[in-house]
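Subject: Handing over the structure

Hi,

Here is the structure I promised to pass on to you. Please have a look at it first, and then read on for my notes.

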Amino acid sequence: MENSATCFHCNAEILPGQLVTGSRGGESLDFCCRGCLGAWLLITGAGLGDFYRRREWLEPGICADAYQGEYHDSFLSRYVYAKGESSAIDILIEGIRCATCVWLNEKIIGQLPGVSAVRVNYATNRARVLFDPGTVSPSTIFTRIAELGYVPRPYTSSAAEERSHRERKDLLVRFGTAFFLTMQLMAYSFALYAGYFQGIGPDMKLTMQLFSLLVTTPVVFYAGAPFLRGGWRGIVNRAPNMDLLIAIGALSSYGYSIYATLTGGEVYFETAAMIVTLILAGRLLENSAKQRAAAGVERLLGLTAGEAKRVTGGGVESVAVADVRAGDLLLVGPGERFLVDGRIAEGTTDVDESPATGESLPVVKNDGDRVIAGSINLTCAVRIVCEHPASDSFVARVARLVEEAQSRRAPIQGVADRAAAFFVPAVLFLSAATFSWQYALHVETGSALMTALAVVVIACPCALGLATPMAILAGTGAAAVSGVIFKGGDILERLSRVTVAVFDKTGTVTRGEPAVVAIDPAPGFAVRELAAMAAAVECAAQHPLARAVRDYALMNGIVPAVGDDLRTVPGGGVLGLHEGKMVAVGNPRFLARLGVEGLPAEIDVPAGGTVACIACSGRYAGAIVFRDRLRDDAPAVIAHFRERHIRCILLSGDSRETVRFIAGSLGIGEWEGEMTPEEKTAFVERLRTKGETILMVGDGINDAPALSAADVGCAIAGGTDIALETSDLILARPDLARLAFAHATARRTMAVIRQNLGWAFIYNIVGIPLAMTGRLTPVYAAAAMALSSLCVAGNSLRLTGTKHG
Amino acid sequence: MDSSIIALIVLSLFLGCGCWLIFIWAVKKGEFDDVERPKHRMLDDDDSR
């Protein structure tokens, strides 16, 4: 079978040792895990096997958290609201990649008894489910979605989102109105063009012009209102911007045309209407690019409001994090995140603090030790006493740092606004010069004024309004297809001018989790034997080293047996029975405490690595060496920036030794270790005051303030929510090569924007002399406008062809 | 002849306004919120068994 190496459901490669086979109706298929098999059984069982033929999945694999969620009605019921006769809940479904995924979800949820209607919005990946609360519970719906390999999250729309949604509708109505009226106007204009060449009666001409005036007025004053307001703000702030240029162009051609109508001249109504319509089209494109980015970010964000388990006299109750008070006793199970800062009241466990501190290996916590919000409990259930309410936890403090950093960041003026700032005064000067020149030639004052106005009309090209949005839409669109999400058009611009790239270590240039690099057996033991032994006793542990052992075993085709009588000793290791023999895996101190014989006095630990020892039946059996490996594509990205003379710097909260080792293996000369979030932010800000433009790449909570302090903050999918939320640029797959692609795309897009602006101005340069000498006719003006807009659109579309990889 | 042209123009404006009102209604109703899914939806309900 040719596709024997990939999972039938998720298309991911099946590692030896993972293989699960399923059969139904005579077919036998391979899957990478029980979850995928379950999803397949569910889908084919519902008679929707068509899904596999119709879906268009470009990338293999499914969401990392698929099949894992547990959903409780106590938590979900908060998101349920009444809608008519039945209840409704809004769900954000992660993992939707094509229209067929939408179809599958609608069908499968719709088949649940008690569900009356399901609508999934493909653009935003949101589902609205109407159900009868008596027959079906929200958790059943959630579990069903999770069984399919998608990740459901309850969802309520934020105020900001409602606002942007309203803005989009408003823009759409304005554009629709402008477009409809401009179409009407074109009919009258063509009559006037024909009249210009073939002759037209003065009455008819006046009638056509009056109709033109009738349809143009709402275009300028209703559809164009945002530009008029923006332009006015530009005047008040003494910062000429794009809006001002557009407002001047539209108003001057409108005013000129009214005068021409009254005196029997040629009118420019269509110029006024076209400027507004085309630029509204540009804004709409820009808005949809932004909206797509916002939806992408939301998809990557996890549950921001978790629920905590509070221990009370009678038992355990679940409460919203916001309701947890200082002094409350909370239960945190293995694999769960600490949601508040606190001290351990009972129990010992290993805690993964890497999201908060950047330290790559877990830390042991005993009674009375502090735990930080955002870190993950790995091995044992513990009870903690909350020290600060959630609003004052470490994460909340970091969020405040982020806000401060963001408020310090000066807004940047886009390239089009910069061009306008120079262009507006230049146009006004040329127009004034034209007037005085015509006046000096003893032309009648009225006619000289008209010529001067014509200069302004021709100088405000529609193409200028399309130049930036078209290129940005094409650029961000091409990037989004390749899994790079830009949160706004200005990010492209800043990224293209970056001079320093600052990288976080843990989880950014390294994978953030250790991997087995070597197994060193004691005499009498074999490598495979050790791996099988270790994997068997580590089979249930959450510790990253245990995961590394399991992955190693799977990679080498060892099907991990499940050990018996497993015990985890926090800060030490694990103990268990494998094939009747007592096996212990853990750090040397732990084995020494167990009284293992033959333990070597000295085990050499390679730089940046960790060692775990294995003992079998009380005898030393060998050692496993782990190391946090570099991401495969990290060196290539560093090389990409180096070639373009961009300084690379490595920052980390981890120990200096480890940072030095990683910096050395990447060939990065500048590095700093043991940095707190505040120090990282200060470091970035210091560089900024030296006039550098900074790209910061990170993924942890501790990177978040630095991400927002930098000119461009880049987070990688799988990082913490706060990092994703504060960054400007997101790599939707944990693949650093996309960063180089994003940088190249940004540079290409900026080049296209400059070309576009250049094109727009070239048409001006041709048109302005014609206007200054009074030879410009509306026909020339219309032709120049159409040509320049087409050039700009065509040039921008070149960007859509670029793909990653 | 002129008056007939003017009558036709006015008529076209009225018709256009009708279309424009339909458009406004469609935007308000959220018909443009998801423009990707409906084009596939018509292919789906072919009784998938």
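This is a predicted model: local features need pLDDT of at least 70, side-chain atom pairs count only at pLDDT 80 or more; totals for chains, interfaces and linings use all residues.

Helix 19 (residues 544-555) of chain A lies across strand 19, strand 23 (609-616) and strand 24 of chain A. Against strand 19 of chain A, this helix runs at about 65 degrees.

The sheet itself is open and has six strands, in the order 19-24-23-22-21-20 (chain A), with antiparallel pairing. Strand 19 (510-521) and strand 20 (564-569) of chain A are its edge strands, each pairing on one side only. On average, neighbouring strands are turned by 20 degrees against each other, direction ignored.

Next, a hairpin in chain A. Strand 1 (residues 20-24) of chain A pairs with strand 2 (residues 27-31) of chain A over five bridges, again in the antiparallel sense. A:V20 faces A:F31 of strand 2 of chain A across the pairing. Two residues lie between the strands, and A:G25 takes a positive phi near 55 degrees in this hairpin. Strand 1 of chain A is hardly covered: of its five residues, the count of buried ones is zero.

A helix pair in chain A is also worth a look. The axes of helix 13 (residues 415-440) and helix 14 (residues 445-459) of chain A come within 8 Å and cross at roughly 155 degrees, which means that helix 13 of chain A is roughly antiparallel to helix 14 of chain A. The crossing is right-handed. Among the residues that make the contact are A:L430, A:F435 and A:Y439 from helix 13 of chain A, and A:L449, A:V455 and A:V456 from helix 14 of chain A. By class, the contact has ten nonpolar, five polar and no charged residues.

Finally, the two chains: which residues do they bring together? The contact takes 21 residues from chain A and 18 residues from chain B. On the chain B side, helix 1 (2-29) and helix 2 (38-44) of chain B are the elements that give two or more residues. Helix 1 of chain B provides the largest share, nine residues. The side of chain B that touches chain A divides into eight nonpolar, three polar and seven charged residues.

Enjoy looking around!

Best wishes

Technical notes: Residues are numbered from 1 along each chain as its sequence is written. Chains are lettered from A and ligands numbered from 1 in the order in which they are written. Two residues are in contact if their C-beta atoms, placed from the backbone, lie within 7 Å. Helices (H or I, at least four residues) and strands (E, at least two) are DSSP runs, numbered from the N terminus. Ala, Val, Leu, Ile, Met, Phe, Trp, Tyr, Cys and Pro count as nonpolar, Asp, Glu, Lys and Arg as charged, and the others, Gly among them, as polar. Two strands pair if DSSP finds at least two bridges between them. Axes are lines fitted to C-alpha atoms, for helices over the stretch in contact, and angles run from 0 to 180 degrees between N-to-C directions. A residue is buried if 20 or more other C-beta atoms lie within 10 Å of its own, exposed if 12 or fewer, and partly exposed in between; C-beta atoms are placed from the backbone. Angles under 35 degrees count as roughly parallel, over 145 as roughly antiparallel, 65 to 115 as roughly perpendicular and the rest as oblique. A crossing is left-handed if the near helix is turned anticlockwise from the far one by less than a right angle, and right-handed if clockwise.
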